[in-house]
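Please examine the sequence and structure shown below.

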Amino acid sequence: MDRAAPPDAIRDILAAAAAPGVLSLAGGLPAPDSFPLTELVTVLDEVMSSAAAAALQYGPVEGVPAMRAGLAARAGETGGHTDPDRVLVTSGSQQGLALTTNALVAPGDTVALEDPGYLGAVRVFRQAGADLLAVPGDEDGMDTEALAGRLRRGARCRLVYVVPHFHNPTAAVLTEERRRHLAELAGHYGFLIVEDDPYADLAFDGVRLPSIDAFSDRVIRLLSLSKTLCPGFRVAGLVAPPALIGPLTTAKQDADLQTNTFGQHVVSRLLSRPGFLPRHLLRLQSLYRTRAGHLAGLLGGLGWLTFRAPRGGLFFWAAITTAGVDAATLTAAAIEEGLAIVPGPPFCIDRDGSRHLRLSFATLSPSEMPEAVRRLELARARVSGP
Ligand code: PMP
């Protein structure tokens, strides 16, 4: 199979979105107003005044002990494993995904994932030469009965990849029943589960379901802090079964020796500040709830998009109901109007995404949203007439 890097339609859209005057509903970027600036200034000062020599030095491949402990404690909040020895600090959870795939997936192995799926994962699996098994999903996440059916009929999976809270792009939440079912299937058929959960902290009601590794020992859990704190430090981690931590650590060493020591010092101190995280999460939830509600009202007024109002995360997965309007054509027309949006097809493996859009409610402020939606309507009129 051709393993040259595939072209990336979304990267091109995001480049267009960065042009002056373009409003963007495209990127999965957290709101800049969500960054904990005041606390970060305090912590940066503390690190530089009391730990600069260590923070500016090389550190252990596995990660700075305080960072591993901080990630283990976060994992434990949703019932997962809490032993810091099972944690490997990574440069973003995207690196956790790449290391896991490099260490565990050989060309021709099958990786199952929900269709549509997170593009960054689809790309990594394809690069590794994996065969993708597209599993349908609905508002309750991956249809684990459909997966079970494929396994019963002889499909052999190496990995099953899930985004259990507020999936990218569909915003679905995998129910607890399906989490347990997936864990059961992993035990029965001997595959590993990659649980990639960057949006868990963005539930508008603050409720997080138990992690799948509360039900199974066959889980590699990716812990991102990009949406919870900010993506710029690129500090994240993974929690893996003891037998896999060795090979994953070797893969990490070969990739980049270690994750940014300075970022680990800052982020671990921030996470351990008494009272900081619960207060910060409440602020995030309220910020995103307001933005999602605002955009839902405006999009609903258009009359040609249907969507389920998300309960968290960053995205609407909206279906176009006007006949003859194709998502890719609409995306091109929107750019002409000064608006960046993302069409469905790049996320899709087997299914047809040509009538879907992924729209982010996170990046624009409520005051910018009416103009963005006005441009979306102008783009629709360009494509299908008034
Ligand atoms: N997984 C999913 C499902 C994502 O949406 C993203 C970011 N868009 C990532 C992983 C990457 O996150 P990080 O910044 O931690 O690398």
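## The mixed sheet

Tyr161 stands opposite Val194, a residue of strand β7. In this predicted model, strand β6 (residues 159-162) and strand β7 (residues 192-196) are joined by 4 bridges and pair in the parallel sense. Helix α9 (residues 242-256) packs on the sheet, where it touches β2, β8 (219-223) and β9 (235-239). The direction of α9 makes about 25 degrees with that of β2.

The sheet is open and is formed by 8 strands, in the order β2-β9-β8-β7-β6-β3-β4-β5, with mixed pairing. At its edges are β2 (87-91) and β5 (141-142), each of which pairs on one side only. In general terms, the strands of a sheet pair through backbone hydrogen bonds, either parallel or antiparallel.

## The antiparallel sheet

A further open sheet consists of 4 strands in the order β10-β11-β14-β13, and its pairing is antiparallel. Strands β10 (305-306) and β13 (342-343) stand at the edges and have a single partner strand each, so one side of each is left without a neighbour in the sheet.

Within this sheet, strand β11 (residues 315-320) and strand β14 (residues 356-360) run antiparallel and are joined by 5 bridges. Ala319 has His356 in β14 as its bridge partner.

## Two crossing helices

Two packed helices are described by the angle between their axes and the distance between the axes. For helix α4 (residues 65-76) and helix α10 (residues 261-271), the axes come within 9 Å and cross at roughly 45 degrees. Angles from 65 to 115 degrees would count as roughly perpendicular and those under 35 as roughly parallel; α4 and α10 are therefore oblique to each other. Their crossing is left-handed.

Which residues of α4 and α10 meet? On the α4 side they are Ala66, Met67 and Gly70, and on the α10 side Gln264, Val267, Ser268 and Leu271. The residues of this contact divide into 4 nonpolar and 3 polar, with no charged residue.

## The surroundings of the ligand

The ligand is surrounded by 14 residues, of which the closest are Gly92, Ser93, Gln94, Ser224 and Ser226.

Which helix gives the most to the shell around the ligand? Helix α5 (residues 92-104) does, with 3 residues.

Key: Residues numbered from 1 in each chain as written. Predicted model: local features only at pLDDT ≥ 70, side-chain atom pairs only at ≥ 80, totals over all residues. Near = placed C-beta within 6 Å. Helix = DSSP H or I, 4+ residues; strand = E, 2+ residues; numbered from the N terminus. Pairing = 2+ DSSP bridges. Axes fitted to C-alpha atoms, helices over the stretch in contact; angles between N-to-C directions. Parallel < 35°, antiparallel > 145°, perpendicular 65-115°, else oblique. Left-handed = near helix turned anticlockwise from the far one by under 90°. Contact = placed C-beta atoms within 7 Å. Nonpolar A, V, L, I, M, F, W, Y, C, P; charged D, E, K, R; others polar.
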